[in-house]
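Reader: I'm new to reading models like this one. Please take me through it one feature at a time.

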Amino acid sequence: MLFITQGRFTPAALKGMLAKPEDRAETVGQLFASAGGKLLAYYMTFGDYDFMVISEGPLEGVSTTTIVAGASGAVTHLKTSMAMTSAEMKAAFAKAGSAAAAFRAAGTG
């Protein structure tokens, strides 16, 4: 599975990075690897979020890394979205279409 995670650094983390600049990509990559995932890209962003991570791996692996990052106290406002290719989404719609045809909505009989 492919995931996109965005977040913000705390003021303390920003202060620490100003005092001692570092490239966090290797450390973040090791965190994903320890949870059975893989870091595909790590970007610093401007706007509502300070960083964006693109990763792949099992859902529980990404959940683990998000919990660890949040518990570190250095990041906040973590938001993770699952991403699919258009071909994967086409297959999901085809499967959902079959299920929708057999589904009875609440209150309809």
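Author: Let's begin with tyrosine 42 and phenylalanine 51, which are both buried; that word means under 20% relative accessible area, with exposed over 50% and partly exposed in between (1.4 Å probe, protein chains only). Keep in mind that the model is predicted: local features need pLDDT of at least 70 and side-chain atom pairs count only at pLDDT 80 or more, while totals for chains, interfaces and linings use all residues. Residues are numbered from 1 along each chain as its sequence is written, and side-chain values use heavy atoms, leaving out hydrogens and water.

Reader: How many aromatic pairs are there in the whole structure?

Author: Rings of Phe, Tyr and Trp (its six-membered ring) pair if their centres lie within 6.5 Å; planes under 30 degrees apart are stacked, over 60 edge-to-face, and the rest tilted. Here the search finds 2 such pairs. Phenylalanine 9 and phenylalanine 51 have ring centres 5.1 Å apart and planes at 50°, so that pair is tilted. Since phenylalanine 9 belongs to strand 1 and phenylalanine 51 to strand 3, the pair ties together parts 42 residues apart in sequence. (Strands are DSSP runs of E, at least two residues; helices are runs of H or I, at least four; both are numbered from the N terminus.) Phenylalanine 9 is buried at 11% relative accessibility, and phenylalanine 51 at 6%. Tyrosine 42 and phenylalanine 51 have centres 6.3 Å apart and planes at 20°, so this pair is stacked. Put together, Phe9, Tyr42 and Phe51 form one aromatic cluster.

Reader: Which residues make up the largest nonpolar core?

Author: In soluble globular proteins, nonpolar side chains tend to be buried together. A nonpolar core is a set of buried Ala, Val, Leu, Ile, Met, Phe, Trp, Tyr and Cys residues joined through side-chain atoms within 4.5 Å. The largest one in this model has 11 residues: Phe3, Phe9, Ala13, Val28, Phe32, Leu39, Tyr42, Phe51, Val53, Val62 and Val75. Strand 1 (2-9), helix 2 (25-34), strand 2 (38-44) and strand 3 (51-56) each give two or more residues to it.

Reader: Which residues of helix 2 are buried, and which exposed ones sit on the face turned away from them?

Author: An α-helix has 3.6 residues a turn, so residues three or four places apart point the same way. In helix 2, the buried ones are Val28, Gly29 and Phe32. Down the helix axis they fall within an arc of 105° (taken from the directions from axis to C-beta atoms), so they line one face of helix 2. On the face turned away you'll find the exposed Glu26, Ala33 and Ser34. The buried residues pack against strand 2, strand 3 and helix 3 (59-71), where contact means heavy atoms within 4.5 Å.

Reader: Is serine 55 buried or exposed?

Author: Serine 55, in strand 3, is buried, with 0% relative accessible area. Beyond neighbours within four places in sequence, its contacts include Phe3, Phe32, Leu39 and Val62.

Reader: Where should I look for a positive phi in a residue other than glycine?

Author: Go to histidine 77, where phi is near 55°. Histidine 77 is in strand 4 (residues 75-83) and is partly exposed, at 49% relative accessible area.
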